Structures are given as structure tokens and as C-alpha cells.
Amino acid sequence: MTDFTPRLFASDAEIVRLGEGLLACSLAKEDWTHEAHLAACLYLLTERPDVDVDAEIAGIISRFNESVGGVNDDEGGYHDTITRAYVAGVRLFLRTHPEGGLAERVNALLVSPIGRRDWPLGFYSRERLFSVAARRGFVEPDRAPLPPMC
């Protein structure tokens with residue numbers, strides 16, 4: 001595992017800004033960090049029941065990437081397997097942290113094992129996780145099963 005100290009959030013409003021900014025494609029590219037990905041995911045899962053995260057997340061992130069001049073291809077942009085692994089992880093985290101403010105829960109997520117940048121490597125070999133197939137669509141883990149998606 002790698003050493004990483006996450007940037008924590010000071011307010012619920014920061015989380016709302018990230019989640020809504022992702023949906024509206026109004027975030028600055030530099031705001032779309034690892035921490036922002038997880039914050040937006042927790043926000044969408046807990047505060048936006050009108051968004052079907054499983055069905056819509058690929059389009060939401062891909063659209064945002066393109067809005068800031070990025071591409072979604074075999075080498076960059078949206079990565080389906082990593083995204084879906086973290087959605088499963090955030091749901092698992094929320095089972096044990098169902099209450100509290102957004103910033104409080106996001107910060108707890110970020111300092112938990114699930115919040116680590118290398119968390120998916122507990123389930124996937126590096127070769128499988130960073131393959132084109134894993135970027136383009138969900139691939140099953142080859143090291144250990146992911147937490148249930150519900």
C-alpha cells in the first residue's frame with residue numbers, strides 16, 4: 001500500500017458543491033481529485049435519490065471529463081472498474097456510517113482503508129485493474145471478491 005494523506009473537507013457545503021458541480025459539469029478540472037470523486041459518490045448515494053448511480057455514473061463522469069477538455073478512451077478518462085469498485089466501497093462504508101454530516105462522513109471515508117487510492121488493488125492485480133478492458137467496462141476482480149454492490 002502507498003502512503004497518502006487525503007485532503008479533508010471543512011464543510012458539508014464543499015461536498016454539495018462537488019456533487020452538484022459534477023452533475024452540472026461546472027467544476028474546474030483541478031477540483032476533480034481523488035477526494036472529490038469519493039465525496040461526490042457519497043453525496044450522490046446519500047443526497048440525490050433521483051440519480052441512479054449504478055445506471056448513470058459512467059455517463060455523469062464521462063460527460064464531466066469531456067466538459068473540461070478531457071477524453072474518455074483506452075488510455076485516459078473514465079475508468080469503469082475503478083469507479084464501480086469505489087461505488088461498492090462507499091456503499092459498504094455507509095452501512096457502518098449511516099448518520100452524520102456530509103463532511104464528517106466523507107472525511108471518515110477518506111481516512112478509512114476504503115478511501116485509499118490503492119484500495120482496489122486489494123481485489124485486483126495491477127495488470128487486470130489497469131487494462132483497457134477494465135477501463136472500458138466492469139471486470140471481475142482476480143484477487144478477492146468486491147463487497148456487494150447493494
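Predicted model: local features only at pLDDT ≥ 70, side-chain atom pairs only at ≥ 80, totals over all residues.
The secondary structure consists of 7 helices and 0 strands, so that, read from the N terminus, the elements follow the order α-α-α-α-α-α-α. The radius of gyration is 15 Å, close to the 15 Å that the globule rule gives for 150 residues, and the chain is therefore as compact as a globular protein of that length. Along the principal axes, the C-alpha trace spans about 35 × 35 × 30 Å.

Among the contacts in the chain with a separation of 6 or more, 64% are accounted for by residues 24 or more positions apart. The accessible surface comes to about 7,600 Å², and 54% of this surface belongs to carbon and sulfur atoms.

The largest pocket holds about 700 Å³ of space. Its lining is made up of 32 residues, and H34, H37, H79, I82 and T83 are those that lie nearest the centre of the pocket. The elements that give two or more residues to this lining are α2 (34-47), α3 (53-67), α4 (80-96) and α6 (126-129), and α2 gives the most, with 6 residues. The table shows how the lining residues divide by class.

| Class of lining residue | Number in the largest pocket |
|---|---|
| nonpolar | 19 residues |
| polar | 8 residues |

Key
Residues numbered from 1 in each chain as written. Heavy atoms only, no water. 1 Å grid on protein atoms, 1.4 Å probe; cavity = no way out; pocket = protein on both sides within 12 Å on 5 of 7 lines; lining within 4 Å. Points joined across faces, edges and corners; volume = space filled by probe spheres on them. Helix = DSSP H or I, 4+ residues; strand = E, 2+ residues; numbered from the N terminus. Nonpolar A, V, L, I, M, F, W, Y, C, P; charged D, E, K, R; others polar. Rg over C-alpha atoms; globule rule 2.2 N^0.38 Å. Contact = heavy atoms within 4.5 Å. Areas by Shrake-Rupley, 256 points an atom, 1.4 Å probe, with all protein chains shown as cover.
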